[in-house]
Structures are given as C-alpha cells and as structure tokens.
Amino acid sequence: MPLGLIALALGAFGIGLTEFVIMGLLPEVAADFAVSEAAAGWLISGYALSVVVGALGLTAATVRLPRKPVLAGLLVLFIIGNTLTAVAATYEVAMLGRVIAALCHGAFFGIGSVVAADLVPANKKAGAIAIMFTGLTAANVLGVPFGTFLGQQAGWRSTFWAISGIGVIALIGILALVPVLKQAAEAISLRSELGAFKSRQVWLSLGVTVLGYGGMFGAFTYIAYTLTEVSGFNSHTVPWLLVLFGAGLFAGNWLGGRMADKNIDRTLLIFIGALLVVLIAFGALATSQVATIVALFLMGGFGFGTVPGLQSRIMRYAGSAPTLASGANIGAFNVGNALGAWAGGMGIAAGLGYTSPIWIGAAIAVAALLLMLLAMNLAKKAPVVAELTPAN
C-alpha cells in the first residue's frame with residue numbers, strides 16, 4: 001500500500017473529527033458563548049454549507065495547480081480554522097473558524113480522491129479511495145467519542161486544539177509521503193474540468209449521492225431521540241451506540257471499496273437496496289433494543305459502503321477531468337446530509353413521532369434506488385468511453 005494513502009487518511013481523520021465532534025459538545029459551546037441551542041447548532045449547519053462552497057469554489061480555483069501543494073495548502077487552512085475556533089472569544093469568531101475549516105473539507109476529499117486513485121493501478125482505484133475515507137470512518141468510531149470526552153473533561157476548546165495538532169501531523173505526512181504525480185498540463189484547465197458536467201452520468205451520479213446519503217442521514221440525524229424515546233435506551237448509552245454505528249461505517253467503507261473495484265454499479269445497487277431494507281426493518285422494529293443495535297450497525301455499513309463506489313463512479317464518467325466533479329460529489333454528500341436532516345425534522349415537527357425520520361429516510365432511499373437503476377440502464381446504452389489517466 002502506498003504510504004501516501006496513510007497521509008491522506010490521517011488528513012481525512014482530522015477533517016471528519018472537526019465536522020462531527022462538535023455535535024457532542026454543543027451544550028458546552030452554547031453555555032460558553034451564552035447562546036441558544038439553535039444558535040449553537042449553526043456551528044454545524046454553517047460548516048455543512050461551507051463545505052459545499054469550498055468543494056466547488058476552492059477546487060475550481062486550484063484545478064490548474066499541482067495537487068500535492070494544494071493538499072498541503074488546504075491542511076494549512078484547516079489548521080488555521082480550528083485554531084481560530086479554539087481561541088475564539090466570541091460566537092462570531094468561532095463561526096468564522098468553523099467556516100474556514102469547512103472550506104478545505106470538500107476540496108481536500110475531492111482532490112485527495114483523485115490523488116489516491118492515481119497512486120494505484122486502475123483495478124484498485126475504489127479500494128484506494130476507501131483507504132483514504134477510512135480516516136473519516138475512524139473519526140466517527142474513535143475520534144468523536146474520545147474528542148467528546150476530552151472536551152467534557154478539559155473544556156471544549158481542548159478538543160479543537162487537539163484537532164489542530166492532528167492537522168499539523170497530517171500536513172507533515174502529506175509533504176513527506178505523497179509523491180508529486182505527473183499531470184497532463186494541456187488537459188488541466190477549468191474549462192476541461194467543467195466539460196465533465198456535460199456527461200449525463202455525472203449528473204445522475206451526483207443525484208444518487210444526494211439521495212443515497214440523504215436516506216441514511218434522514219434516519220441518523222435524530223437517532224438520539226429514537227434511541228431514548230422509542231427504543232428505551234438510557235441517554236448515557238447513546239455515545240457508545242453511536243460507536244457501533246461508526247463501526248458499521250468502517251466495515252461498509254472497506255467492503256464497499258473492495259466490491260466497487262470489481263463492479264461499481266452493481267455494488268451501488270446492492271448497497272442502496274440493502275440500506276432500504278434495513279431502514280424499513282428499523283422503522284418497524286425500533287421498539288426492540290436488539291433489533292435497534294443490529295440496525296444501527298447495518299445502517300452505517302450499507303449507507304457509507306456506497307461512498308467509494310459513488311466517488312469512483314463520478315470520476316470514471318468525468319474521464320480525464322475528474323477533479324472538479326470529484327469535489328462536486330463531496331458537496332453532494334453534504335447536500336444529502338442537509339436534505340435528510342431537513343426532511344427528518346419536518347416529520348418530527350408534523351407530529352409523526354421519532355420513528356418518522358427513519359421512514360422518511362427509507363422514502364429517500366427508494367428515490368436513490370430508482371435513480372441508480374435509471375443510471376445503470378442509460379449506461380448500458382451509452383457506455384463510458386473515457387477512463388481516468390493510468391497511475392504513474
């Protein structure tokens with residue numbers, strides 16, 4: 001395994017940690033800045049929206065630049081953002097730090113996916129992308145619980161100082177371990193990258209990403225309420241149940257990457273279909289603690305198991321100009337996150353109960369499955385003609 005993949009995974013770990021760990025520290029943050037829970041929640045929503053902006057804007061702005069120094073620069077931005085959050089004296093400064101850190105998120109994963117794929121032979125590209133995204137899953141399995149514990153014991157700012165330190169280590173790893181890969185200068189331009197969006201399959205892939213991820217997050221965003229109010233778990237057990245969900249993310253990412261290297265579309269169809277079945281079963285059996293435990297693991301596994309395939313698929317149909325399309329797909333994941341959270345919240349607000357987000361997530365997953373079937377059918381009629389540039 002190329003050592004550069006380890007450096008990319010470490011960067012992904014830090015970025016994943018800064019995105020998710022604040023969810024467990026919102027009470028401490030809100031109390032420190034004397035703001036409402038809703039206002040503190042904007043530190044999450046503002047981050048997600050900034051990810052979309054950065055995924056498109058920063059990726060487009062740096063598309064002609066060598067990828068290794070761009071990745072290093074993005075990590076510098078990440079370190080600055082988290083340090084600013086750690087030292088923030090006001091809520092507004094903390095929000096600015098969150099926005100700065102988020103801007104690097106989409107571009108790092110988008111460009112990093114292309115670099116990871118270029119480090120390995122053509123038949124191992126999805127697996128290489130999965131290795132990079134292992135950092136993101138590890139952030140959920142290990143980073144979030146320990147980051148939350150650190151923040152609760154030593155103050156929430158200590159967690160963001162630790163994240164900044166992880167960013168420094170990842171930066172050193174990128175500089176030391178990621179090789180300078182050859183890029184065809186004549187093919188790298190914003191115009192050529194935008195040309196990838198002429199492909200109908202690129203847009204279909206983005207749609208599947210939004211709906212597939214939206215289905216999982218429709219159920220997951222309000223999972224703490226489901227666990228305590230429906231399944232009957234004590235609130236103190238919720239963090240450890242979320243570790244189980246994170247373990248599912250880890251397993252699904254690994255398996256999804258291996259399967260996608262053999263057949264991307266079939267893998268996506270299987271995983272989206274399995275996610276739908278799990279969500280339906282979860283909605284029907286949420287009052288059972290045993291069924292809920294199993295459903296949590298499987299929901300994470302099948303939901304995140306689509307990520308390597310979705311990222312590989314859009315890069316495949318983008319042909320020789322995959323960077324901006326890859327970044328756009330990272331933005332699409334966050335759009336799906338926001339869609340699922342909004343739709344699930346609407347169900348609760350309408351008085352449909354704390355299982356309604358699960359059923360709404362299942363409905364979104366149905367749409368993802370249908371769109372994937374359409375994409376596969378159209379792909380058979382007009383197969384891809386341009387592949388990614390072979391690894392150097």
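Is Gln311 buried or exposed, as judged by relative accessibility? In this predicted model, local features require a pLDDT of at least 70 and side-chain atom pairs count only at pLDDT 80 or more, whereas totals for chains, interfaces and linings use all residues. Residues are numbered from 1 along each chain as its sequence is written, and side-chain values use heavy atoms, with hydrogens and water left out.

Gln311 counts as buried, because its relative accessibility is 0%; the term buried denotes under 20% relative accessible area, exposed over 50% and partly exposed the range in between, for a 1.4 Å probe and protein chains only. The residue lies in helix 14 (residues 307–318); helices are DSSP runs of H or I with at least four residues, numbered from the N terminus. Leaving aside residues up to four places away in sequence, Gln311 touches Phe109, Gly110, Ser113, Ile129, Ser326, Asn329, Ile330 and Phe333, a contact being defined by heavy atoms within 4.5 Å.

Helix 15 (residues 323–349) contains Ala343. Its 27 residues reach 39 Å from the first C-alpha to the last, close to the 39 Å expected at 1.5 Å a residue; the expected span is 1.5 Å times one less than the number of residues. Because 20 of the 27 residues are buried, helix 15 is largely enclosed by the rest of the structure. Ala343 is itself buried, with a relative accessible area of 12%, and it touches Ile360 and Ile364 when residues up to four places away in sequence are not counted. Between Ala343 and Leu378 the separation is 35 residues in sequence and 29 Å in space, C-alpha to C-alpha. Gly351, with a positive phi near 80 degrees, follows helix 15.

Two packed helices are described by the angle between their axes and the distance between the axes. Helix 9 (residues 200–220) packs on helix 15 at an angle of about 40 degrees, with the axes 7 Å apart; axes are lines fitted to C-alpha atoms, for helices over the stretch in contact, and angles run from 0 to 180 degrees between N-to-C directions. Helix 9 is therefore oblique to helix 15, given that angles under 35 degrees count as roughly parallel, over 145 as roughly antiparallel, 65 to 115 as roughly perpendicular and the rest as oblique. On the side of helix 9 the contact includes Thr209, Tyr213 and Phe217, and on the side of helix 15 it includes Asn329, Phe333 and Gly340. By class, this contact of helix 9 with helix 15 comprises 11 nonpolar, nine polar and no charged residues; Ala, Val, Leu, Ile, Met, Phe, Trp, Tyr, Cys and Pro count as nonpolar, Asp, Glu, Lys and Arg as charged, and the others, Gly among them, as polar.

Helix 1 (residues 3–20) has 18 residues, which should span 26 Å at 1.5 Å a residue, and its end C-alpha atoms are 26 Å apart, in agreement. Of these 18 residues, 15 are buried, so that helix 1 is mostly covered. Helix 1 and helix 4 (residues 67–87) pack at an angle of about 30 degrees, with their axes 12 Å apart, and are therefore roughly parallel to each other. The contact is made by Leu8, Gly11, Gly14, Ile15 and Thr18 of helix 1 together with Leu71, Leu75, Phe78 and Asn82 of helix 4. These residues divide into five nonpolar, four polar and no charged.

Terms used:
Helix = DSSP H or I, 4+ residues; strand = E, 2+ residues; numbered from the N terminus.
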